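Hi everyone, thanks for coming along. Have a look at the model on the screen, and then let's walk through it together.

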Amino acid sequence: MKRYLAIFAVALSLGGCAGTAERLAEGALNLPAGVLTESIDNPITPQRSAQIQQSLRVVVAGLRTHKRLCERAVLAASCVDDVNRLQGYVRTARPLIYQLRDFVANNDQINARIVFNKLVAIITDLRRDAVNAGVTIQAVVK
Amino acid sequence: MDILAFTNLALNGASLLASLIEKGSDLVGPTNSTWVKGLNVIKTAIEAGRDIAPIATALFGTFSPGKTDITSQELAELEALLDAEIDDYLTPMKPRSD
């Protein structure tokens, strides 16, 4: 498991060098030009819906642990404010999740994408805020 | 990398990475430029929502695909779990013991 986490740490560290590196890689690896760099507007399928909900589960798992530790006074009293603030993101996300499920079930791609993008933005902000508050968010690696 | 892309990497790329690690070859290691370049390529593909199988095969000559589809029952189970976990998280905090 440590080796896996190390690999993911390397992958994460590469997050800021997309673009030029991919174009160079395309040439070096004899891949068709643009295969790694062109944007594709993927449909919001049940699979994509599942992925974003799984993403939220990963974050909420960390938040629940943080909340429990706060309740047990393992963490400093300031954690109460953190929990209250972080709960706000989840309250905002919850109705959007319900909407996304409905839109995907009805294959309403336009509204599904709008809601999907909102959820991605909320989860990204939530994760950033949570990490800054000292919440540990584990990656689910099997 | 945002949380969605990270989770996609963790879930969909894990089997590929695991198979590469288990090969025990000199590909493994952050100082190996081929390995790093390959990881970066795959990461980009995952972030863009592409199928990584053909790219991974082109890069490393092997790919063990993870689960890429989900049944309606599995989706329903996932949604039920998420709902329960969110409900639990949003319950008011218990009084601290200090």
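Let me begin with a question: does Arg85(A) count as buried, partly exposed or exposed? At 37% relative accessibility, Arg85(A) counts as partly exposed. Here buried means under 20% relative accessible area, exposed means over 50%, and partly exposed is in between, using a 1.4 Å probe and protein chains only.

Before going on, some ground rules. This is a predicted model, where local features need pLDDT of at least 70 and side-chain atom pairs count only at pLDDT 80 or more, while totals for chains, interfaces and linings use all residues. Residues are numbered from 1 along each chain as its sequence is written, chains are lettered from A and ligands numbered from 1 in the order in which they are written, and side-chain values use heavy atoms, leaving out hydrogens and water.

Back to Arg85(A), which forms a salt bridge with Asp129(A), with the closest N and O atoms 2.9 Å apart. That term stands for a side-chain nitrogen of Lys or Arg within 4 Å of a carboxyl oxygen of Asp or Glu. This pair links distant parts of the chain, from helix H4 of chain A to helix H5 of chain A, 44 residues apart. Helices are DSSP runs (H or I, at least four residues), numbered from the N terminus. Asp129(A), at 15% relative accessibility, counts as buried.

Now let's cross between chains. Arg94(A) pairs with Asp87(B) in a salt bridge whose closest N and O atoms are 2.6 Å apart. Because Arg94(A) lies in helix H4 of chain A and Asp87(B) in helix H5 of chain B, this pair joins two chains. Arg94(A) is partly exposed at 25%, and Asp87(B) is partly exposed too, at 39%.

How many salt bridges does the structure hold over all chains? There are 8.

Finally, the inside. The largest nonpolar core has 32 residues, and Leu56(A), Leu63(A), Leu100(A), Leu119(A), Ile86(B) and Tyr89(B) touch the most other members. Such a core is a set of buried Ala, Val, Leu, Ile, Met, Phe, Trp, Tyr and Cys residues joined through side-chain atoms within 4.5 Å. Helices H3 (46-71), H4 (79-105) and H5 (109-132) of chain A, together with helix H5 (72-90) of chain B, are the elements giving two or more residues to this core.

Take Leu100(A): leaving aside residues up to four places away in sequence, its contacts (heavy atoms within 4.5 Å) include Ile52(A), Val115(A) and Phe116(A).
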